[in-house]
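Hi everyone, thanks for making time for this. I'd like to walk you through one structure, so let me put it up on the screen.

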Amino acid sequence: MDLPKYVRIQGRETAWVTKKPVGIFALGWRKVKNDIFSEEDKEKFMETENWFVENLPYPPFYGENNDDPNANTIGAITFFKNNDNAKIMFERLAPIFKLLDKYQIPYDIVYTNYAGRIIYEDEYQIGVINGE
């Protein structure tokens, strides 16, 4: 049996725009904005998130930057491609996983071959309109 093609790390909170579970970065940013993380842990989260901003292509449906939570007007979500790059992504996400565990924030790792209608793709990830 082949491994599923895609993987998404998501919280159990619903995103306002997509009406889907928030991704790991939105989940972390919610905790930063709500002062759940200590100052030291905020820095750990932001260092990790900044690595992804600097090293992953930015899907155009998010707009120019991710400062505007309403920029994703089409309601797309992203999945990592479950390949050798995913191993690197999980290694880089380890500090966020540790923070979520430390603060007992539930999250799920979802594997699938059928993420939705693909509207964006690069070597690391896909963007989908889920359920279409």
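Here is something to start with: is aspartate 35 buried or exposed? Aspartate 35 is exposed, and its relative accessible area comes to 55%. Before I go further, please keep in mind that this is a predicted model. Aspartate 35 sits in the loop between H1 and H2. Its backbone is worth a look too, as phi there is near 55°, a positive value in a residue other than glycine. For context, most residues other than glycine have a negative phi.

You'll find lysine 19 in the loop between strand E1, residues 6-14, and strand E2, residues 21-23. Lysine 19 has a positive phi of about 65°, although it is not a glycine. With a relative accessibility of 56%, lysine 19 counts as exposed, since the cut-off for that word is over 50%.

Let's move to the helices. Two packed helices are described by the angle between their axes and the distance between the axes, and I'll give you both values for two pairs.

Take H1, residues 24-33, with H2, residues 39-55: their axes come within 11 Å and cross at roughly 150°. Angles over 145 degrees count as roughly antiparallel, and H1 and H2 are therefore roughly antiparallel to each other. The crossing of this pair, H1 and H2, is left-handed. Who touches whom? On the H1 side we have Ile24, Phe25, Gly28, Trp29 and Val32, and these meet Lys42, Phe45, Met46, Glu49 and Phe52 in H2. Sorted by class, that contact of H1 with H2 holds seven nonpolar residues, one polar and two charged.

H1 also packs against H3, residues 84-102, at an angle of about 50°, with the axes 11 Å apart. So H1 and H3 are oblique to each other. H1 passes H3 in a left-handed crossing. From H1, Ile24, Phe25 and Leu27 meet Leu93, Ile96, Phe97 and Leu100 in H3. The class count for H1 with H3 is seven nonpolar, no polar and no charged residues.

If you compare the two lists, Ile24 and Phe25 of H1 turn up in the contact with H2 and again in the contact with H3.

Now for the strands, and E6 in particular, which covers residues 125-129. How many residues of E6 are buried? Five of the five are, so E6 is largely enclosed by the rest of the structure. In a regular strand the side chains alternate between the two faces of the sheet. In E6, Gln125, Gly127 and Ile129 point one way, while Ile126 and Val128 point the other way.

What does E6 pair with? One partner is E3, residues 77-81, which runs antiparallel to E6 and is joined to it by four bridges. Within that pairing, phenylalanine 80 has glutamine 125 of E6 as its bridge partner. Another is E5, residues 117-121, which pairs with E6 in the antiparallel sense, again over four bridges. There, arginine 117 is bridged to isoleucine 129 in E6. E5 and E6 form a hairpin, and three residues lie between them.

One last stop is proline 60, in the loop between H2 and E3. Proline 60 is exposed, at a relative accessible area of 58%. Its C-alpha atom is 9.7 Å from that of alanine 71, which is 11 residues away along the chain.

That's my tour, and I'm happy to take questions.

Definitions and conventions
Residues numbered from 1 in each chain as written. Predicted model: local features only at pLDDT ≥ 70, side-chain atom pairs only at ≥ 80, totals over all residues. Heavy atoms only, no water. Axes fitted to C-alpha atoms, helices over the stretch in contact; angles between N-to-C directions. Parallel < 35°, antiparallel > 145°, perpendicular 65-115°, else oblique. Left-handed = near helix turned anticlockwise from the far one by under 90°. Contact = heavy atoms within 4.5 Å. Nonpolar A, V, L, I, M, F, W, Y, C, P; charged D, E, K, R; others polar. Buried < 20%, exposed > 50% of the residue type's maximum accessible area, 1.4 Å probe, protein only. Pairing = 2+ DSSP bridges.
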